[in-house]
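Subject: Structure handover

Hello,

Here is the structure I promised to pass on. Please open it first; my notes follow below.

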Amino acid sequence: MQIAIMGCGVVGGGIVKLVEEAETSLLQKIKIKKILVHRDEQILDDQYTTDFVEIVNDPEISVVCECIGGVEPAHSYVKRALEAGKHVVTANKKMLAVYAGELFDLARQKGLVLAYEPALAAASPGLTTSSTFSAWSRSRPSREFLTGPATTSFPRWQKRTWTLLLA
């Protein structure tokens, strides 16, 4: 599965680290294709971009992790990603406080998953426990969810069973 990460601060950087240091076969199936950054000077290689259109127009990207924070442009990007047929995972409480109804309805209409997981200890909102996903997801996913143990490199985390959205 190829994903895009929007934002490369504490949370987005945590996802990048988690995927790059994948310790399980499940995490090793995830490949980061694009990382959206705010400024040109943050571009390290061709994986990084300041152009969101590259993400929504890329047919190989099936999941977008929104790690920007705030209401805009996060809301516009999430909405456009869903409209483009991409599953979305976010940790953005502020955006969902304003636009949850609209975005969950759009995801449901498109047969997509909009998953919410609060970020903890610079952790990945791209990982979500089954119970949390069930509580927050208002749509019925048309994809399967695979469950497996994931040991992260974050010191406060323990080995747990995580559910990952795999296309």
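Which residue in E4 is the bridge partner of Ile5? It is Cys65. Before the rest, some ground rules. This is a predicted model, where local features need pLDDT of at least 70, side-chain atom pairs count only at pLDDT 80 or more, and totals for chains, interfaces and linings use all residues. Residues are numbered from 1 along each chain as its sequence is written, and side-chain values use heavy atoms, with hydrogens and water left out.

**Strands**

Helices (H or I, at least four residues) and strands (E, at least two) are DSSP runs, numbered from the N terminus. Two strands pair if DSSP finds at least two bridges between them. E1 and E4 run parallel and are joined by five bridges. E4 also runs parallel to strand E5 (residues 87-90), with four bridges between them. There, Glu66 has Thr90 in E5 as its bridge partner.

E4 is mostly covered: six of its six residues are buried. Buried means under 20% relative accessible area, exposed means over 50%, and partly exposed is in between (1.4 Å probe, protein chains only).

E4, H4 and E5 form a right-handed β-α-β unit. Right-handed means that, with the strands pointing away from the viewer, the path from the first strand over the helix to the second runs clockwise.

**Cores**

A nonpolar core is a set of buried Ala, Val, Leu, Ile, Met, Phe, Trp, Tyr and Cys residues joined through side-chain atoms within 4.5 Å. The largest one has 23 residues. Met6, Phe52, Ile55, Val78, Leu82 and Leu114 touch the most other members. Two or more residues each come from strand E1 (2-6), helix H3 (52-56), strand E4 (61-66), helix H4 (74-83), helix H5 (93-110) and strand E6 (114-116). H5 gives the largest share, six residues. A second, separate core has 19 residues, including Ile5, Ile35, Val37 and Cys67.

Take Phe52 as one example. Leaving aside neighbours within four places in sequence, Phe52 is in contact (heavy atoms within 4.5 Å) with Met6, Leu36, Tyr77, Arg80 and Ala81.

**Salt bridges**

Side chains of opposite charge can pair when their charged atoms come close. A salt bridge here is a side-chain nitrogen of Lys or Arg within 4 Å of a carboxyl oxygen of Asp or Glu. The count comes to five. Three of them are worth a look.

- Lys33 and Glu60: the closest N and O atoms are 2.5 Å apart. The pair links distant parts of the chain, with Lys33 in strand E2 (residues 31-36) and Glu60 in the loop between H3 and E4, 27 residues apart. Lys33 is partly exposed at 24% relative accessibility, and Glu60 is partly exposed at 45%.
- Lys34 and Glu54: the N to O distance is 3.1 Å. Lys34 lies in strand E2 and Glu54 in helix H3, so this bridge ties together parts that are 20 residues apart in sequence. Lys34 is buried at 12%, whereas Glu54 is partly exposed at 34%.
- Arg108 and Asp105: the N to O distance is 2.9 Å. Both lie in helix H5, three residues apart, about one turn of the helix. Arg108 counts as partly exposed at 43%, and Asp105 counts as partly exposed at 36%.

Lys33, Asp58 and Glu60 are also joined into one network by salt bridges that share partners.

Best wishes
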